Amino acid sequence: MKGFASRSLPPLHPGGEEIREMPAEALKCKECSTTYPLEARYVCERCFGPLEVAYRRPTHPPSDPAELKRRIQAGPGTLWRYADFLPVERVPRASLPTGLTPLVRADRLAERLGIGELWIKNETANPTHSFKDRVVSIALARAVELGFDTVACASTGNLAGAVAAHAAYAGLPAYVFIPADLEPEKILSTGAYGAQIVAVEGNYDAVNRLCTEVSGEREGWAFVNVNVRPYYAEGSKTLAFETAEQLGWEIPDRVVAPIASGSLFTKVARGFQEFIDAGLVGGGVPAMHGAQAEGCSPVAQAYAAGTDVCRPVKPDTIAKSLAIGNPADGPYAVELARRTGGSVDAVSDDEIRAGIRLLAETTGIFTETAGGVTTAVLAKLAERGEIDRGERVVAYITGDGLKTLDCVRGTFAVAEIEPRFEAFEDALGARV
Ligand SMILES: [Zn+2]
């Protein structure tokens, strides 16, 4: 097997394990830059800052961009094609195929909003119909490498389903902790995979606190977004990698993405930056626009107040998957939006419902409430005149509308008739 390591173009396919040099070299504190070994740890012992993965440079990725591009293009049709940018020792043998979701040109929505060029990254096409399959893929692969035998998570809904499904594929027991008032669609689809669901009486922030405590007590348990969070977070970079590759190795001018913890938002920018640094694409990081629901908008509030300090809030919104009142990466999200000439906006529950409808009727993509938030913020930016006609915009639609069906109940008419032509004509004849 050693021979693989010295080959210039080692195969990267999900069925086989490629022995290679780990692209990551350390965990590094985002605040004080103290480094730690690549273990299951997430907080700096010196300053309590969050840890993130640091990579070898310049040998990883290969310094020749053309060779790197060939490696990616010859890779599997999943997010593992970007393994040179991911913190795992090997592409896992058992990984539920994830990523390479469609980037959909949205001309009708662009026209409606007065935008020149608009693309929708459709994350509903992942195995459990949300972007969370990406972060779980990476977290699970690394957890197995670190010797964990059980996976768990604190979830606002989508993560629960992703952990349950990926654990099922890998043959690992799973425990998912959720707020007890979660949408039934998300609870039912998670339970179907055989995971142990723990419904906690409290909001996500309470669930998260409990999971932090449990993770300290349960050896052998990898909480994907707690003790292996630095690896987990890296999965969101693949959204940017795919976008650039699908745009023909180019970077969009503007990006609109939802903000819950702020992890996806900041890692998408990081992904674009890594492709720029590797020489795979030209230009700079896009203007990053964050989207929150008014009922849980600590990041948008900090942005509007001109500060980085995100004051914790008590969530009250239909966008439950974004209902994190105390967002771990909030300050970094605010800083990123400012630095790139973006913004962070919040929209009301009614605007979210309108956003779901607008996206569905112009693109054929039915999104959950989080995607309604993103679409509504996109519409707001267009209305404010923040998007130039000549710009290329990408909006990230992170989850499927089938997960939050209650939000569209009663928003359209159904003609109920007897099975007779006259009845049809009486009901709709005037209209057709
Ligand atoms: Zn530190």
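Reader: Where is Ala-143 found?

Author: This is a predicted model. In the model, Ala-143 sits in helix H4, residues 132-145.

Reader: Why is Ala-143 called buried?

Author: Its relative accessible area is 3%. Buried means under 20%. So Ala-143 counts as buried.

Reader: Which residues is Ala-143 in contact with, leaving aside neighbours within four places in sequence?

Author: Phe-148 and Ala-222. As for Tyr-232, 89 residues apart from Ala-143 along the chain, the two C-alpha atoms are separated by 9.6 Å.

Reader: What makes the zinc ion's arrangement tetrahedral?

Author: The donors are the SG atoms of Cys-29, Cys-32, Cys-44 and Cys-47, at 2.3 Å. The 4 donor atoms subtend angles of 98 to 117 degrees. Tetrahedral requires all angles between 85 and 135 degrees. The arrangement therefore qualifies. For reference, the ideal angle for four tetrahedral donors is 109.5 degrees.

Reader: How are the donor residues spaced in sequence?

Author: As C-x2-C-x11-C-x2-C. Cys-32 lies in the loop between strands S1 and S2, and Cys-47 in the loop between S2 and S3, so this pair ties together parts 15 residues apart in sequence.

Reader: Why is Cys-32 called partly exposed?

Author: Its relative accessible area is 34%.

Reader: What makes up the nonpolar surface patch of about 280 Å²?

Author: Ile-417, Phe-421 and Phe-424. Ile-417 is in the loop between strand S13 and helix H15. Patch residues need over 30% relative accessible area. Ile-417 has 41%, so it clears that cut-off.

Key: Residues numbered from 1 in each chain as written. Predicted model: local features only at pLDDT ≥ 70, side-chain atom pairs only at ≥ 80, totals over all residues. Heavy atoms only, no water. Helix = DSSP H or I, 4+ residues; strand = E, 2+ residues; numbered from the N terminus. Buried < 20%, exposed > 50% of the residue type's maximum accessible area, 1.4 Å probe, protein only. Contact = heavy atoms within 4.5 Å. Patch = residues over 30% accessible without salt bridge, like charges linked within 9 Å, V, L, I, M, F, W, Y side chains within 5 Å. Areas by Shrake-Rupley, 256 points an atom, 1.4 Å probe, with all protein chains shown as cover. Salt bridge = Lys/Arg side-chain N within 4 Å of Asp/Glu carboxyl O. Donors = N, O, S within 2.8 Å, 3.2 Å for Na, K, Ca; no water. Tetrahedral: all angles 85-135°; square planar, octahedral: opposite > 155°, others 65-115°.
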